[in-house]
Amino acid sequence: MNVAIIMDGNARWAEARGLPVLAGHRQGAKTLKETVKIAVRLGIRELTVYAFSTENWNRPREEVDGLMAMFAELIDSETPELNEQGVRMRFIGRREEVSERLQDRMSWAEGETAQNERMTLFVAFNYGGRAEILDAAARFQGGSEEDFAACLYAPDMTDPDLLIRTSGEIRTSNFLLWQCAYSELIFTETLWPDFSEDDLRSALEEYAERGRRFGAR
């Protein structure tokens, strides 16, 4: 099973507590760490998370610079534990547009965890669904739908069965536009830093009650 998550609400969580926005992002990173552990325990095979979009560069410079530094720091600190858990890391997005240091840390994390098979964690970083389709179209030489899908950032990713968005917003925000064509969507009011095992289990239970027809009757 592939679960995709739009991790939304870090800034609102921080603002509600009178904290800097980056404090919300750091709490959100802790939530992701716990969510990965829970997903592994529940037997989820792929977890795809929206970490930074191609549109997020439009945020205040201080926030963007802080996020970039935090991402590099988190890759260094969390990869060893992810490796111990048997989690393979993959980054999807326009990697060439971020700093060489961050590109290096991404490649290092992918290399360190490449042989792991318990779960794959896809991190969408500097990612946009339209950008991915444009980049795939530039590489596409013609053929079938499967041939086009092979030109996407992670051809080995299975299409998400379930897409969860936190914070009460009801939109997909340019995330996995190709892959989520038939995904089940669940929107929760919970802000991402407050997202818990109960929230994930509730979403999985709701998903299990739905009948997926993929366009058939």
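A residue is called buried here when its relative accessible area is under 20%, exposed when that value is over 50%, and partly exposed in between. With that in hand, let us walk through this structure, which is a predicted model.

Serine 167 is found in the loop between E5 and E6. Its phi is positive too, at about 85°, although serine 167 is not a glycine. With a relative accessible area of 5%, serine 167 is buried.

**Burial of selected residues**

| Residue | Relative accessible area | Class |
|---|---|---|
| Serine 167 | 5% | buried |
| Asparagine 174 | 16% | buried |
| Tryptophan 108 | 28% | partly exposed |
| Leucine 19 | 38% | partly exposed |
| Glutamate 62 | 67% | exposed |

Asparagine 174 sits in the loop between E5 and E6. Setting aside residues up to four places away in sequence, asparagine 174 touches Tyr50, Thr54, Glu55, Tyr127, Gly128, Gly129 and Arg130.

Tryptophan 108 belongs to helix H4, residues 100-113. Beyond its neighbours within four places in sequence, tryptophan 108 is in contact with Ile75, Asp76, Thr79 and Pro80. From tryptophan 108 to methionine 89 the separation is 19 residues in sequence and 9.9 Å in space, C-alpha to C-alpha.

Leucine 19 is in the loop between H1 and H2. Its contacts, not counting residues up to four places away in sequence, are Trp13 and Ala14.

Glutamate 62 lies in helix H3. At 67% relative accessibility it passes the 50% cut-off, so glutamate 62 counts as exposed. Glutamate 62 and leucine 22 are 40 residues apart in sequence, with 9.3 Å between their C-alpha atoms.

Helix H2 has 22 residues and reaches 31 Å from its first C-alpha to its last, close to the 32 Å expected at 1.5 Å a residue. The buried residues in H2 are Gly24, His25, Gly28, Ala29, Thr31, Leu32, Thr35, Val36, Ile38, Ala39 and Val40.

Does the span of helix H7 agree or disagree with what its 13 residues predict? At 1.5 Å a residue, H7 (residues 197-209) should span 18 Å, and its end C-alpha atoms are 19 Å apart, which agrees.

H7 also has a clear inside and outside. Leu200, Ala203, Leu204 and Tyr207 are its buried residues. They cover an arc of only 95° around the axis, so they lie on the same side of H7. The face turned away from that buried side carries the exposed residues Asp198, Glu205 and Glu209. What covers the buried residues of H7 includes strand E1 (2-6), helix H2 (21-42), strand E5 (162-165) and strand E6 (184-187).

**The largest pocket**

Finally, have a look at the largest pocket, whose volume is about 930 Å³. Its lining is made up of 43 residues, of which Met7, Tyr50, Ala51, Phe52 and Phe71 lie nearest its centre. Elements that give two or more residues to this lining are helix H1 (10-16), H2, strand E2 (46-53), helix H3 (61-84), strand E3 (87-92) and strand E4 (119-127).

Which element gives the largest share of the lining? That is H3, with 10 residues. Sorted by class, the lining has 22 nonpolar, 10 polar and 11 charged residues.

Key. Residues numbered from 1 in each chain as written. Predicted model: local features only at pLDDT ≥ 70, side-chain atom pairs only at ≥ 80, totals over all residues. Heavy atoms only, no water. Helix = DSSP H or I, 4+ residues; strand = E, 2+ residues; numbered from the N terminus. Expected span 1.5 Å × (residues − 1). Buried < 20%, exposed > 50% of the residue type's maximum accessible area, 1.4 Å probe, protein only. Arc of directions from axis to C-beta. Contact = heavy atoms within 4.5 Å. 1 Å grid on protein atoms, 1.4 Å probe; cavity = no way out; pocket = protein on both sides within 12 Å on 5 of 7 lines; lining within 4 Å. Points joined across faces, edges and corners; volume = space filled by probe spheres on them. Nonpolar A, V, L, I, M, F, W, Y, C, P; charged D, E, K, R; others polar.
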